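Subject: Structure for you, with notes

Hi,

Here is the structure I promised. Please open it first, then read the notes below.

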Amino acid sequence: MKYNFDEIIKRDNTRSVKYDLRIPLFGEQNVIPMWVADMDFATPSFILDDVKEQLSSAVMGYPIRDSGFENALKSWLEKRHSISIHHSWVKFSPGIVSALVVLIEAFTKKGDGILIQPPVYHPFIEVPLKHERRLILNPLKLENDKYCIDFEDFENKITESSMFILCNPHNPVGRSWTRDEMQKMAELCAKHDVLLVSDEIHSDLIFVPFKHESVLSLPKIQNLRQVTCFSPSKTFNLAGFFTSAVVIADPKMRQNYSETIQKWHMNSGNIFSQTSFVSAYEKGEEWLNQLLSYLSVNLDFTRDYLKQNIPNIKLIEPQATYLLWLDFRNLGMDDKTLRDFIIRKAGLGLSDGFTFGDGGSGFMRMNIACPKSVVETALKQLSEAIKAIREND
Ligand SMILES: Cc1ncc(COP(=O)(O)O)c(C=O)c1O
């Protein structure tokens with residue numbers, strides 16, 4: 001491997017959310033942080049070199065964004081996912097959650113229903129509520145250890161909704177939705193005139209043999225209104241640059257988005273946002289291929305370790321993302337007891353399943369985008385903590 005994903009990088013006292021919020025979040029400084037979706041791998045050096053070059057221009061005045069930004073995403077989508085778009089469809093957003101805020105304000109009004117599929121990335125729950133929209137829930141079904149969509153319920157619920165926010169691939173359950181599932185959801189949105197917002201931030205992080213199926217790769221669906229969100233932030237570990245994009249094919253909708261984001265003065269981006277975005281998408285393919293190989297080794301290790309040593313914790317097999325959804329329900333603990341156990345006995349900082357809404361209770365989300373040695377230590381700590389419960393029974 002050309003890139004070193006084994007290196008342990010000290011992140012304490014770097015003003016990192018993942019490391020430096022451990023006391024307020026977990027009450028313990030020493031938990032291994034495997035919660036928020038940022039990776040412990042170095043942001044690729046080719047990106048940092050381009051950012052350093054930008055820094056060398058000495059004056060950090062207001063930047064502009066040029067067509068290089070749009071073209072970088074267009075080319076990436078073409079070569080990585082065989083998705084064809086026009087560069088003018090690409091619009092900036094600092095982050096994907098900020099894009100959701102803008103989209104909700106631009107395309108819905110107070111009191112409107114917004115459909116989501118819990119358990120799901122928690123801002124999908126919080127953002128609509130903070131903006132005084134109603135949440136409409138189409139909970140995912142867990143059948144034979146695999147999550148799937150309850151289409152009967154989807155069709156009922158969509159009639160009460162103005163917007164559907166799809167997590168594609170899905171955080172935290174790790175599903176990469178199939179062409180068939182995507183097609184069905186999109187057709188129902190079109191039939192009921194519901195705006196489909198597809199958050200595809202994890203779309204580059206897909207395990208073999210799965211394939212990302214974007215809303216943008218579906219055959220044309222009459223009357224479908226849709227927006228798709230992308231970012232290099234998860235893929236290349238550069239969330240701190242706050243640089244993302246939304247793709248909107250319809251000119252009127254694009255205009256509405258642009259006017260809304262400008263209304264709140266969120267459209268500028270910092271001086272590194274274009275530099276890091278373009279660098280990632282233009283130079284990142286080989287790095288990403290190696291990252292995906294490394295992540296699949298961590299995944300294989302975790303699956304085998306759980307099977308052999310902690311069979312009562314079930315891994316929901318991920319098809320995408322570096323976030324593992326672990327089923328702890330066999331331990332018979334309530335959420336508070338489970339949280340305390342994970343922090344104080346296993347020494348881990350994981351994401352509590354219940355924060356992802358309906359269906360999350362009894363689960364934990366674990367981020368394995370870290371050196372394999374860290375995954376090994378974490379699982380050993382977990383196994384020993386479980387053994388200790390059995391010995392005390
Ligand atoms: C599905 C999903 N959307 C959005 C985000 C966050 O995006 P941003 O930091 O660009 O707001 C995350 C982060 O974990 C995520 O998992």
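Domain 1 and domain 2 bury about 3,000 Å² between them. Of that area, 61% is on carbon and sulfur atoms. Keep in mind that this is a predicted model.

**The two domains**

In the contact between them, domain 1 contributes 34 residues and domain 2 contributes 35.

**What crosses the interface**

How many salt bridges link domain 1 and domain 2? The rule finds 2. Separately, look at Lys-314 and Asp-145, which form a salt bridge. Their closest N and O atoms are 3.2 Å apart.

Now the side of domain 1 that touches domain 2. Four elements each supply at least two residues to that side: helix H11 (285-309), strand E11 (314-316), strand E12 (323-327) and strand E15 (363-367). H11 gives the largest share, with 9 residues. By class, this side of domain 1 has 18 nonpolar, 9 polar and 7 charged residues.

**Asn-298 in H11**

Helix H11 also holds Asn-298. Is Asn-298 buried or exposed? Asn-298 has a relative accessible area of 0%, so it counts as buried. Which residues does Asn-298 touch, leaving aside those up to four places away in sequence? They are Ile-368, Cys-370, Pro-371, Lys-372 and Val-375.

**Helix H12**

H12 runs over residues 335-345. Its buried residues include Leu-338, Phe-341, Ile-342 and Ile-343. An α-helix has 3.6 residues a turn, so residues three or four places apart point the same way. Leu-338, Phe-341 and Ile-342 are among the buried residues of H12. The cover over the buried residues of H12 includes helix H2 (22-26), strand E13 (348-349), E15 and helix H13 (372-392). E15 also supplies at least two residues of the side of domain 1 that touches domain 2.

Both ends of H12 deserve a look. At the start, a side-chain oxygen of Asp-334 comes to within 3.2 Å of the backbone nitrogen of Lys-336. After the helix comes Gly-347, with a positive phi near 70°.

Best wishes

Technical notes
Residues numbered from 1 in each chain as written. Predicted model: local features only at pLDDT ≥ 70, side-chain atom pairs only at ≥ 80, totals over all residues. Heavy atoms only, no water. Contact = heavy atoms within 4.5 Å. Buried area = accessible area lost by both parts, 1.4 Å probe. Salt bridge = Lys/Arg side-chain N within 4 Å of Asp/Glu carboxyl O. Nonpolar A, V, L, I, M, F, W, Y, C, P; charged D, E, K, R; others polar. Buried < 20%, exposed > 50% of the residue type's maximum accessible area, 1.4 Å probe, protein only. Polar contact = N/O pair within 3.5 Å; in protein donor to acceptor, adjacent residues only side chain to side chain.
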